[in-house]
Amino acid sequence: MTQVADYVLQRLTAWGVQRVYGYPGDGINGMLGAFDRAQGKPEFIQTRHEEMAAFMACAHAKFTGEVGCCTATSGPGAVHLLNGLYDARLDHQPVVAVIGQQKRLSLGAHYQQEIDLEVLFADVSEYCQMVSHPAQARHVIDRAFKTALTTRGVATIIIPSDVQEEDAQPSPPKMHGSVFSSVGWSRPRVLPDPDELRKAADILNEGSKVAMLVGQGAATAQKEVAEVAELLGAGVAKALLGREVLPDDLPFVTGPIGLLGSKPSDNMIRNCDTFFMIGSSFPYSEWLPDEGQAKGVEIDIDGRMIGIRYPMDAHLVGDSKETLRALIPLLHRKEDRKWREQIEKDVREWNDLVDRWAGQHFEGTINPQAVAAELSPRLPDHCILTADSGSGTNWWARNLRLRQGMRASLSGTLATMGPGTPYAIAARFAYPDRPVIAFVGDGAFQMNGMNEMITVKRYMDRLSSRAAPFIFCVFNNHDLNQVTWEQRAMAGDPKYPASQEIPDVPYAAYAQLLGLKGIVCDDPGKIGEAWDQALASDRPVVLEFKVDNEIAPIPPHIMKSQGMKAAKAALHDPEKTGITAKGVRQKLTEYAEHLPGRGEK
């Protein structure tokens, strides 16, 4: 007789799930036996930690558009899932978590590993339900998937261990209280109100300096975004989750926005008279137009998110692609292209400046900007790029120039440490023939990335390919560098070594110990050679760069309060000599056109 656990996996498969990321425990013993009997349909992928399983499920959703799926045991295993599930919730990704629970008869007895999981997962989940009867499994699973897809959020299924082992009831008895559900969902066409659409068109047509900001919600509307930008003579800035919406080689793409952003994005936003936001919830108001400066138009599929970042004049609740298609016939091509020409000039000058920043050498240490700059022209076609949260994210955002067909993502809204490595692993499982490259700081790699190299080792035969490189680039600077700079600029405090300095670990040697390829580069003149070696490897690679921790991620413009706090911090900073000299030299590079020896290294 089929058990409930077997039926659950059959239903997951019917919903298109091919792999479930997780870690074992006795709270899901019934599920583990069912995975064994299922013979890979779906497949159980063993991670080193449940948090990594949830990150991988989120990444699967981000890179495939499908529902990501993870599993964990009761109690502590379930708790470990939360951070990765919050990453999915805040970045609006459909993920279903299947979690074990103690036997029904012990619930409420303060039993070992008994946690009120429905309360614990209530906030992170759009739908959270415990299966307390075998006949309930069918409609709980179906509703979980329908909810995750519809809300682009997390759904949690809790199954007590004794229910997992009971006889399945795929078809409930035909009686009062029974529910008969089906597998299936279709993406709706979501279009805004026609009057609001005309209102938006009038605003965009009247504006003479249109700035566009796109996020991941515009990912399927690449052609339409480019056409609108051309009609309006606008530039397009990209939130980090929207990096793949348009390639960076388009002359009007101004790149990232915000603290990690570019000068052309900043100039465009500060001088625009019309602000057009598409599929983004970029939260930092200090990097958006001043209130009253610009008329605003926004497209978002979620009416709860419309007009909550900037006071908009037209609120288009709808799918980005469908809405832009309806909007385009109402737009007039702007004949005056001075605004666009200035944007394109700013982009050219910024790209030149970033290249010059990356080309500077400091006393033989590796400039971290150069690590990304040397990779950028070497990026393989159709590669997938992931990033962790840290100072390396600055260089990932600024120095890597994506081409058509490349994919890129990171933890956008939660901005947690830890997802860069599991994102890359999930991307590789989903697309085994595509190159995958992760940018990870040494702090995040120590936190959990090193452990997941054991996962890479376990599945080495499937994750290796000479034709498709698989690289974990580790920025080794012995410093939790992003927080160090935040302490200086936001709190006005000097670096606090007790919290910020971390041990120097031989990451590449560790990789070699596991049978992976390990490469160390500590020579500024051999960065490109190290990348070439990694890109040619037929095994997964840990590529360790020993980089300078005193290179500041200079914002597009330095706000007065931050400048004053940074200056105050520098008075007593243990690295004040280095950060001052290198910061001044980088800043002076902006004016190198007017100085002798331009571009000198």
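**Figure 1. Arginine 403 and aspartate 381 join their side chains in a salt bridge, 2.8 Å from N to O.** Arginine 403 sits in the loop between helix H14 (392–398) and strand S14 (407–409), and aspartate 381 in the loop between helix H13 (368–375) and strand S13 (384–387), so this pair ties together parts that are 22 residues apart in sequence. Arginine 403 is partly exposed, with a relative accessible area of 25%, whereas aspartate 381 is exposed, at 54%. As with every view here, please keep in mind that the model is predicted.

**Figure 2. Glutamate 230 meets arginine 333 in a salt bridge between side chains, 3.1 Å from N to O.** Helix H9 (residues 222–232) holds glutamate 230, and the loop between helix H11 (320–327) and helix H12 (338–359) holds arginine 333, so the pair ties together parts that are 103 residues apart in sequence. Glutamate 230 is partly exposed, with a relative accessible area of 32%. Arginine 333 is also partly exposed, at 40%. If you follow the neighbouring charges, you will find a network of salt bridges that links Glu230, Arg333, Glu335, Arg337, Arg340 and Glu344.

**Figure 3. A salt bridge pairs the side chains of arginine 304 and aspartate 302, at 2.9 Å from N to O.** The two partners sit in opposite accessibility classes. Arginine 304 counts as exposed because its relative accessibility is 59%, above the 50% cut-off. Aspartate 302, with a relative accessible area of 12%, is buried. Across the model, the count comes to 30 salt bridges.

**Figure 4. Serine 125 occupies the loop between helix H5 (117–120) and strand S5 (127–130).** Leaving aside residues up to four places away in sequence, serine 125 touches Val154 and Thr156.

**Figure 5. Helix H3 is mostly covered, with 14 of its 15 residues buried.** The helix runs over residues 50–64, and its end C-alpha atoms are 21 Å apart. That agrees with expectation, because 15 residues at 1.5 Å a residue should span 21 Å.

Definitions and conventions: Residues are numbered from 1 along each chain as its sequence is written. This is a predicted model: local features need pLDDT of at least 70, side-chain atom pairs count only at pLDDT 80 or more; totals for chains, interfaces and linings use all residues. Side-chain values use heavy atoms; hydrogens and water are left out. Helices (H or I, at least four residues) and strands (E, at least two) are DSSP runs, numbered from the N terminus. Contact means heavy atoms within 4.5 Å. The expected span of a helix is 1.5 Å times one less than its number of residues. Buried means under 20% relative accessible area, exposed over 50%, partly exposed in between (1.4 Å probe, protein chains only). A salt bridge is a side-chain nitrogen of Lys or Arg within 4 Å of a carboxyl oxygen of Asp or Glu.
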